[in-house]
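Below is a short briefing on one protein model.

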Amino acid sequence: RFPGSLYGSYQLRKDGPRTVTGSYAYSHSFYSDTLDYLNTLVHAPTVSVSHLGKLGDRPLFTMFSSSYVHVSVEEQFYYQSFPQTLRWIYSWVDWQRLMLSEKIAYTDYKDQGLTPDSTSREGISNAVNVTNTFYFNDKKDLSLGVGYEFKAEDTKGSNYVRNIHQVNTDFNFPLRHEWTGFVGFRYKNSDYPETTLSIPRQDEEYLVNTYVMVPVGKNTNFKLFLDYLNNDSNDPAYNYVNLSGGASIITSF
């Protein structure tokens with residue numbers, strides 16, 4: 001598999017504490033000739049409106065973003081989604097930051113399956129996330145984040161109606177020569193309360209991801225990463241383990 005991505009943003013307007021930004025994200029996954037039917041392209045333009053205000057004597061950041069996501073497989077439309085996100089960021093003290101967000105999305109799939117009442121993945125999802133980050137030095141490159149998210153997916157097909165509970169932690173730390181490190185852990189539990197399958201499916205997903213960021217220029221970083229993902233389901237068809245690693249160049253201008 002040969003993955004790649006590109007992201008760009010542009011400030012469209014700034015009026016005092018209010019900023020309007022447009023962005024575009026592109027990603028692809030290309031496979032070997034024997035698996036080229038899995039080749040995937042993703043296009044995702046976004047418009048965001050943010051406002052920097054105050055709650056008491058502390059800054060309160062509010063942002064609303066509206067996105068469109070288009071996914072194609074083997075150059076054919078696969079699905080489209082319309083995520084709408086509202087986010088607040090607030091700090092009671094300098095060494096702490098609280099982020100609260102809600103994301104609602106409608107997703108439309110090309111294929112609804114042979115029996116749409118049970119196999120269609122089309123529908124609305126709603127995710128609420130709260131994350132608390134604690135900083136342990138003035139540069140804020142030594143920090144610990146703890147978060148929880150609940151997501152409900154209400155699809156037309158009963159086999160894809162699910163409730164997701166997710167907890168995650170991440171630890172950022174400085175290394176020598178301005179290098180930085182990251183270690184993260186995520187646990188996700190998914191249950192399917194309306195499934196028509198003979199096995200009442202429930203998934204438990206464990207993710208550990210690490211990386212080291214190395215500055216190689218004023219606006220460029222070299223990243224080495226290693227990820228381990230284990231999806232443990234009571235339906236053996238959905239059990240898998242994925243170990244991936246690699247390197248990337250990240251630049252901004």
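The accessible surface of the protein comes to about 15,900 Å² (Shrake-Rupley method, 1.4 Å probe), and carbon and sulfur atoms hold 58% of that area. This is a predicted model, in which local features need pLDDT of at least 70 and side-chain atom pairs count only at pLDDT 80 or more, while totals for chains, interfaces and linings use all residues. Residues are numbered from 1 along each chain as its sequence is written, and side-chain values use heavy atoms, with hydrogens and water left out.

**Overall fold**
- Along the principal axes, the C-alpha atoms fill a box of roughly 55 × 40 × 35 Å.
- Of the 253 residues, 29% are buried (under 20% relative accessible area; exposed is over 50%, partly exposed in between).

**Charge**
- The protein has 22 positive and 27 negative charges, with mean positions 10 Å apart (Lys and Arg positive, Asp and Glu negative; His and the chain ends not counted).
- Asp36 lies in the loop between β2 (18-30) and β3 (40-55), and it counts as partly exposed because its relative accessibility is 34%.

**Tyr160**
- Tyr160 sits in the loop between β9 (143-155) and β10 (162-174) and is partly exposed, at 30% relative accessible area.
- Leaving out residues up to four places away in sequence, Tyr160 touches Ser118, Thr119, Ser120, Arg121, Glu153, Thr155 and Tyr192 (contact: heavy atoms within 4.5 Å).

How values were computed. Helix = DSSP H or I, 4+ residues; strand = E, 2+ residues; numbered from the N terminus. Buried < 20%, exposed > 50% of the residue type's maximum accessible area, 1.4 Å probe, protein only. Charge placed at Lys NZ, Arg CZ, Asp CG, Glu CD.
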